[in-house]
Amino acid sequence: MTPPFLWLTDPVTKKCKCHPIVKFPPEGFDKKEYIFIATSYAKAAQVLPKIYAIAAEKNLVMYDAETKRSFYMDLVDNAYIKLRNRQQEIHQVILKEMKPLWSVRRIDSFSDETEKGAAYVVTIRKDPKVSFEERNEKFYECLSQNLRSDEELICEDECYTIAGMQYTITYVLEGYKKHPDRIGFVVNGIPHTQQLHRMGADQACRWMSGCSETEKDDIHTRMRFTEMMNAYPNPAQRIAESVKITKWQRKQVFDIRYSGFGYYGSEILFHIVYDEDLCRNAENISILKIEEESATFILPFINDIYPDFYKRYYLCANHISSEMWIRILNRLREAKKMILDDTFNPVLKPYINRFNLYVLADHSDPNGFEKVDKKNEAQFVFEHRYEVAYLYDVFIKWSEVQLETYRYSDDLMFNIQGP
């Protein structure tokens, strides 16, 4: 084998670009030798990448004395490589043994410091000679018989999960083709099949081809939300539900996004404050993003309970205790009742003055949009009272789900942040 440090030899001068020396720790420390490497600043850019590669290949710790940084397993993500290699091996087996197939499609993936994972939907074609029940049994046998000694096949949540060291690979079996109507799984070692009362996962992914990049990002982001994983532990069902949410958002009068962290524009953000005690990663937290103009129907009532909000509106985090958040929800319930049952009450007038009523205007009007009579705004709100009440329902429901999901936290906080 070529000695590693020959990689660092100048091909022209045949001289090494650095000087590796074997050294030992000072007295009082374990006599474990280490390699000390010296080079010039001029050659550092050529030497360091090679040293990193050697350290990664040989599973060594590297310490950079100049920057005072240590590196170990930082350059090569071995867990991810294991996942990808194993996934390719299993897919080859599935493609060989589960014919006729329609598709094997990835529907989810996750990665953290301790574990990597991916989820796939296997959609089969119809075989007139073999029932779906028999195909499901064959799939179970296919996975069971191709496990490694350090892997386990877990059959839960109507899916099959291969759990190895630092990785999990989940499969959902559906049939048939473009419009699947059944799913196969195993319960207590016994294969089961049942009707699929939802959109197929492959079908959901194909529907996404007509989505904007923002919609696609949101659909995938929702797959990791704690409340979504709790409600829909099967990843195929979860992506189908996530697609349904996008379809629902498109129909709303108000501009609402059930989204995650990342870039945002002129939206008001509502979310819990991330804490490691609450969930593993910030990506597990959902954010309700309401366009600024649409949020004007909610913010005045929030300001009743949290009167500093308008002073800390732009790009400011406003951390609010769960107890105060519950008071905000109760205030919105009162507002909803008044808008539905007592729209012309003078108490509502200062709030209506803050509403951007043009959000509710009918933009399909041939004259541009439905006109808002400034002298009779209460009448306009009355005509659109059910749309406003529904906005409050959405906000309250999202909040209730957060309170329930993180009910065991003693110091749960919510954040409101402006554009």
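1. Arg 206 is partly exposed, at 29% relative accessibility. Its salt-bridge partner is Asp 202, with the closest N and O atoms 2.9 Å apart. Asp 202 is buried, at 1% relative accessibility. Both residues sit in helix α4, 4 residues apart, which is about one turn of the helix. Keep in mind that this is a predicted model.

2. Why can such residues pair? Side chains of opposite charge can do so when their charged atoms come close. A search of the whole structure finds 21 salt bridges. Two further examples follow.

3. Helix α2, residues 78-97, holds both Glu 89 and Arg 86. They are 3 residues apart, about one turn of the helix. They form a salt bridge, and the closest N and O atoms are 3.0 Å apart. Glu 89 is partly exposed, with 34% relative accessibility. Arg 86 is buried, with a relative accessible area of 5%.

4. This pair belongs to a network of salt bridges. The network links Arg 86, Glu 89, Arg 148 and Glu 151.

5. Arg 198 and Glu 174 also form a salt bridge, with the closest N and O atoms 2.8 Å apart. Arg 198 lies in the loop between β11 (190-195) and α4 (201-207), while Glu 174 lies in strand β9 (residues 167-175), so the pair ties together parts that are 24 residues apart in sequence.

6. Are Arg 198 and Glu 174 buried or exposed? Arg 198 counts as buried because its relative accessibility is 16%, and the cut-off is under 20%. Glu 174 is buried as well, at 0%.

Methods
Residues are numbered from 1 along each chain as its sequence is written. This is a predicted model: local features need pLDDT of at least 70, side-chain atom pairs count only at pLDDT 80 or more; totals for chains, interfaces and linings use all residues. Side-chain values use heavy atoms; hydrogens and water are left out. A salt bridge is a side-chain nitrogen of Lys or Arg within 4 Å of a carboxyl oxygen of Asp or Glu. Helices (H or I, at least four residues) and strands (E, at least two) are DSSP runs, numbered from the N terminus. Buried means under 20% relative accessible area, exposed over 50%, partly exposed in between (1.4 Å probe, protein chains only).
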